[in-house]
Amino acid sequence: MPSEGRCWETLQALRSSDKGRLCYYRDWLLRGEDVLEECMSLPKLSSYSGWVVEHVLPHMQENQPLSETLPSSASASALDQPSFVPKSTDTSSTFSPASPATPDGTKGKDESQHTESMVLQSSRGIKVEGCIRMYELAHRMKGAEGLRQWQEEQERKVRALSEMASEQLKRFDEWKELKQHKEYQDLREVMEKSSREALGHQEKLKAEHRHRAKILNLKLREAEQQRVKQAELERLRKEEGQVRLRALYALQEEMLQLSQQLDASEQHKGLLKVDLAAFQTRGNQLCSLISGIIRASSESGYPTAESQAEAERALQEMRDLLVNLGQEMTRACEDKRRQDEEEAQVKLQEAQMQQGPEAHKEPPATSQGPGGKQNEDLQVKVQDITMQWYQQLQDASMQCVLTFEGLTNSKDSQAKKIKMDLQKAATIPVSQISTIAGSKLKEIFDKIHSLLSGKPVQSGGRSVSVTLNPQGLDFVQYKLAEKFVKQGEEEVASHHEAAFPIAVVASGIWELHPRVGDLILAHLHKKCPYSVPFYPTFKEGMALEDYQRMLGYQVKDSKVEQQDNFLKRMSGMIRLYAAIIQLRWPYGNRQEIHPHGLNHGWRWLAQILNMEPLSDVTATLLFDFLEVCGNALMKQYQVQFWKMLILIQEDYFPRIEAITSSGQMGSFIRLKQFLEKCLQHKDIPVPKGFLTSSFWRS
């Protein structure tokens, strides 16, 4: 049907129109009433309308026909808001191709003309408004395009600047890295140069040091050779001096023996026709001469060859003096015998003349003991030379006491403080000696040696030295010797093994400081006279307590100590003495002889066997001495020592047993069993506690 075809075309046209392409929102009422204000308000011209009317519209009317303008205006108005379309229903009819309401053509023509004028009028406004809108749109599009282009340009500039800045930053980093590398290279070159210079300087210094060290080594070698040479010369001088000194002592001993022989000739004074006073005076002068030589040599160090030659000449003169005296006595005896024979012959002739036959009578024989030898008793008194030595030591000890008397009797507080500090520094190290490690013993020895050498030592938290007082050295030497003997009296008496560490330190100090050794002997002889050996005798007028003190007993408040305690103290001191004579300080000079060696132990043993034994004392001391020192004496004297032990067993034991009561047989039995065991095994065991080489390595 033709009508249906038109309807579809109309609908299609409407759908394809600008308004048909508009989108409608069903929920526009939710936005409020202000949405309709634009549609309900009157159309208003834009602010650009005047400019468009004046400039744009005339050109567009001239260039474009009306038929082209209308669609463009319609399209422009369609593009704009719907508020610019007139609201009257008449305007809508202009878009229809024919109006069905017109009954005839005339009327429709008039209406169409009227409608056309309205459409034109509306189209003109719409056109203006559309032009305005188009201009605005073109202006906006142009502005947006310019803005976009400007933004793109700016972005390009920014990118370019960014790239340029990045490149410049890279170049700066490269330049900075290059600069750092160059600086590093320069610094490295400087350091290498400095290192090379330093190495060269170091090599130069090393060469100079080697040169100087070589020179110093040569000087040191020369100095060492000189020192060794001087030490060797000094050693030889000391050895020669000691040999000369021993020779002087031997000369003095022989001189004294000759002097005793000279004194013994006094009993033949009646036979001699010469005056003995001249011989005795000259003998005394010669003895004094040798004593003076020895005294001067002791003060100066060692005797010289001239001193020894002078002493030998004096001794030879003494011998000649005795020879002359003997010749005088021989001649006197011959004269006396000849005179007696003549007198006897005269008397015999007279008797023969008076009595006639001669009567001869044999004189009675003298009483002799077994073997034709007269019995001799052992002596009770010590030998004169030993007694003289004992007296010299006591005099030296007394002289030492008088030397520091000012220090001991001083009332000054400072002097008293120095005295106490020195006494502690001398006695405390000795009290610390025991069966400890060898390294600890060496520390004690070094401390005592430093004190005696005048070096400061630490005692009680203070520095102490013998140089603090002029009498300090004498005081320290005396107190040190006294403490050594006291340790033997107390410590060794209770612990026999302690004798060896105490003795080895005392021996080392004795070797370096001989005066301390003499004072040790003086204290030992005073407290234990049996170590001389010396048996004090009771004199008339002497108090009993004084005599008991001379024997070695301790007397307090008129009470004498018990015999067991007395024997214990004597045993401790004899054990210490027996240990001293066989031990030497291991770090000392081994080339020098012992200051008081085993020969003194042999002398002591021989002299005590030549004296009458004392009940309980002799057996105790012999046992202690042989137990400590017997092994050393056996190695030193060998066969002679065994002969002496056999003599003790066969000859001396009966004498001890004869004077020992039944209640005092303990010490005698102990000595007898010890001696029988040694003789049976032909060996004397090493004493318990003897210091071995392992002790000094500890």
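How do the residues of the lining of the largest pocket divide into nonpolar, polar and charged?

Analyst: This is a predicted model, in which local features need pLDDT of at least 70 and side-chain atom pairs count only at pLDDT 80 or more, while totals for chains, interfaces and linings use all residues. Residues are numbered from 1 along each chain as its sequence is written, and side-chain values use heavy atoms, with hydrogens and water left out.

The lining of the largest pocket divides into 18 nonpolar, 20 polar and 11 charged residues. In this count Ala, Val, Leu, Ile, Met, Phe, Trp, Tyr, Cys and Pro are nonpolar, Asp, Glu, Lys and Arg are charged, and the others, Gly among them, are polar. A pocket is found on a 1 Å grid over the protein atoms alone, as an open set of points where a 1.4 Å probe fits, with protein on both sides within 12 Å along at least five of seven lines, and its lining residues have an atom within 4 Å of a point. The volume of the largest pocket is about 2,400 Å³, where a volume is the space filled by probe spheres set on the points, which are joined across faces, edges and corners. Of the 49 residues lining this pocket, Leu 245, Tyr 249, Ser 298, Asp 518 and Pro 595 are the closest to its centre. Two or more lining residues come from each of α6 (105-264), α7 (276-300), α9, α14 (499-512), α15 (514-527) and α18; helices here are DSSP runs (H or I, at least four residues), as are strands (E, at least two), numbered from the N terminus.

Helix α18, one of these elements, covers residues 598-609 and reaches 17 Å from its first C-alpha to its last, close to the 16 Å expected for its 12 residues, the expected span being 1.5 Å times one less than the number of residues. Nine of the 12 residues of α18 are buried, where buried means under 20% relative accessible area, exposed over 50%, and partly exposed in between (1.4 Å probe, protein chains only). Among the buried residues of α18 are Trp 602, Arg 603 and Trp 604. What covers the buried residues of α18 includes α9 (384-403), α17 (563-580), α19 (617-637) and α20 (639-659).

Helix α15, which also contributes to the lining of the pocket, holds His 525, a buried residue with a relative accessible area of 0%. Leaving aside its neighbours within four places in sequence, His 525 is in contact (heavy atoms within 4.5 Å) with Trp 389, Tyr 390, Leu 393, Gln 394, Ser 531 and Val 532. Most peptide bonds are trans.

Charged side chains deserve a separate word. Side chains of opposite charge can pair when their charged atoms come close. A salt bridge is counted when a side-chain nitrogen of Lys or Arg lies within 4 Å of a carboxyl oxygen of Asp or Glu, and a search of the whole structure finds 24 of them. In helix α6, Glu 152 and Arg 148 lie four residues apart, about one turn of the helix, and they form a salt bridge whose closest N and O atoms are 2.5 Å apart. Glu 152 is partly exposed at 31% relative accessible area, and Arg 148 is partly exposed at 35%.

Asp 624 forms a salt bridge with Arg 575, the closest N and O atoms being 3.1 Å apart. Asp 624 lies in helix α19 and Arg 575 in helix α17, so the pair ties together parts that are 49 residues apart in sequence. Both Asp 624 and Arg 575 are buried. Elsewhere, salt bridges with shared partners join Glu 489, Lys 527, Glu 561 and Arg 569 into one network.
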